[in-house]
Amino acid sequence: MYASRATRSGFSLVELLILVATIGLIVALLLPSVQQAREISRRMQCTNNLKEIGVALHNYHDIFSALPYREGGPGQHQFNGGPIAPFQRLSGLVALLPLLEQGGVVEELQLSGQTKTPWESNYQPWKHHFNILRCPSSPDHYLQEGIGDTNYAFCAGDSPDTESLEPRGIFGLVNHATFDSITDGASLTIALAERAFPSSKRDKRNVGYGSDPETPAECAVTFDSFSGYAKSNPAPGGRWSDGGSAFSAMNTCLPPNSPQCAYASHEAQDGYYTASSEHPDGAMCVFADGSVRFITEAIDCGNQGAQAVTSGPSPYGVWGSMGSKSGSEQTPGA
């Protein structure tokens with residue numbers, strides 16, 4: 001005789017539900033750690049990009065005894081007695097290309113003689129996308145016009161006079177600063193900083209046009225978290241080739257990740273252009289000595305109701321002092 005035995009062919013419904021719930025709990029516990037690890041990796045790559053740009057700046061200075069302009073190019077600029085010169089709106093990144101190991105693009109530019117304006121989207125050299133100019137933490141710019149993007153902007157100082165021939169910071173209009181001119185110290189003066197792309201028309205990372213604020217505080221209230229700016233422009237980072245302020249400049253007036261405003265309605269106008277990033281709570285900057293540091297949104301920004309100065313210490317606290325190259329500020333803790 002054979003004894004009958006009950007056999008078990010699978011999980012009961014209760015056991016299956018417990019298993020699914022356990023797996024879900026484990027995933028929920030691990031997911032933040034995985035995302036954090038990915039962000040750390042992306043942030044390291046972003047740091048390396050800025051370090052390489054810092055090395056390129058030093059190599060450029062070694063070769064030409066000066067730093068590149070932020071906005072310039074061949075020909076005589078209108079402010080120096082010449083006609084309106086669209087070819088002089090090239091970004092300093094164009095000058096740095098050979099030192100960023102982008103020789104192929106340099107050859108393309110040399111073949112055409114750099115006779116194209118930086119906004120010609122059908123010009124092949126401008127179409128290139130460079131990994132070194134993109135922070136991996138940043139999603140794509142929501143508006144693609146065909147020209148490559150960049151997440152890194154040149155520091156014009158602690159003043160909205162970004163289109164100045166004599167900027168408070170290192171980089172301005174057809175201006176070649178030298179390391180000797182950075183009297184506040186290369187390790188205390190920002191060269192470039194991150195600038196995130198806007199993700200929609202209502203994103204704070206657009207530029208608010210035409211509000212003409214006189215102080216950082218006035219600029220800060222031009223952005224509405226629900227409706228955005230009254231009149232916005234998506235320029236930030238949208239063209240690596242364009243040295244116009246809205247595309248390639250930042251200043252140290254408002255804290256990182258704040259609103260930004262331009263005077264009038266033009267892409268090469270003075271304004272408040274803030275550092276920004278996808279990293280939580282701040283943005284990274286490369287200083288003139290080549291070091292890279294993360295600056296938090298909570299950094300001391302002094303008197304936000306003060307108008308910018310043309311000489312002397314910055315009214316915008318520690319953050320402002322990091323932008324000016326010769327403000328003679330005392331920077332506590334820096």
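Helices and strands are taken here as DSSP runs, numbered from the N terminus. In this predicted model, Asp-149 is found in the loop that connects α3 (103-112) with β3 (152-155). With a relative accessibility of 3%, Asp-149 falls under the 20% limit and is therefore classed as buried. Its side chain forms a polar contact with the side chain of Gln-144, at 3.4 Å. When neighbours within four places in sequence are set aside, the residues in contact with Asp-149 are His-129, Leu-133, Arg-134, His-141, Gln-144, Phe-197, Gly-237, Gly-238 and Trp-240.

Strand β3 is paired with two strands, β4 and β7. Strand β4 comprises residues 190-194 and runs antiparallel to β3, to which three bridges join it. Within this pairing, Tyr-152 is placed opposite Glu-194 of β4. Strand β7, residues 249-250, is parallel to β3 and is joined to it by two bridges. Here Phe-154 has Ala-249 of β7 as its bridge partner.

Aromatic contacts were examined next. A pair of aromatic rings is described by the distance between the centres and the angle between the planes. Six aromatic pairs are present in the structure. One of them is formed by Tyr-60 and Phe-64, with 4.6 Å from centre to centre and 45° between the planes, a tilted arrangement. Both residues belong to helix α1 (residues 13-64), where Tyr-60 and Phe-64 are four residues apart, about one turn of the helix. Tyr-60 has a relative accessibility of 9% and so counts as buried.

Phe-154 and Phe-171 also form a pair: their ring centres are 4.8 Å apart and the planes meet at 65°, so the arrangement is edge-to-face. Because Phe-154 is in strand β3 whereas Phe-171 is in the loop between β3 and β4, this pair ties together parts separated by 17 residues in sequence. Both Phe-154 and Phe-171 are buried.

A single aromatic cluster is formed by Tyr-123, Trp-126, Phe-130 and Trp-240. Of these residues, Trp-240 is also among the contacts of Asp-149.

Charged groups are also placed over aromatic rings. The charged end of Arg-202 sits over the ring of Phe-226, at 5.9 Å from the ring centre. Arg-293 is positioned over the face of Phe-287, 3.7 Å from the centre of that ring.

Conventions
Residues are numbered from 1 along each chain as its sequence is written. This is a predicted model: local features need pLDDT of at least 70, side-chain atom pairs count only at pLDDT 80 or more; totals for chains, interfaces and linings use all residues. Side-chain values use heavy atoms; hydrogens and water are left out. Buried means under 20% relative accessible area, exposed over 50%, partly exposed in between (1.4 Å probe, protein chains only). A polar contact is a pair of N or O atoms within 3.5 Å; within protein, one must be able to donate a hydrogen and the other to accept it, and residues adjacent in sequence count only if both atoms are side-chain atoms. Contact means heavy atoms within 4.5 Å. Two strands pair if DSSP finds at least two bridges between them. Rings of Phe, Tyr and Trp (its six-membered ring) pair if their centres lie within 6.5 Å; planes under 30 degrees apart count as stacked, over 60 as edge-to-face and the rest as tilted. A charge sits over a ring if NZ of Lys or CZ of Arg is within 6 Å of the ring centre and within 35 degrees of the ring normal.
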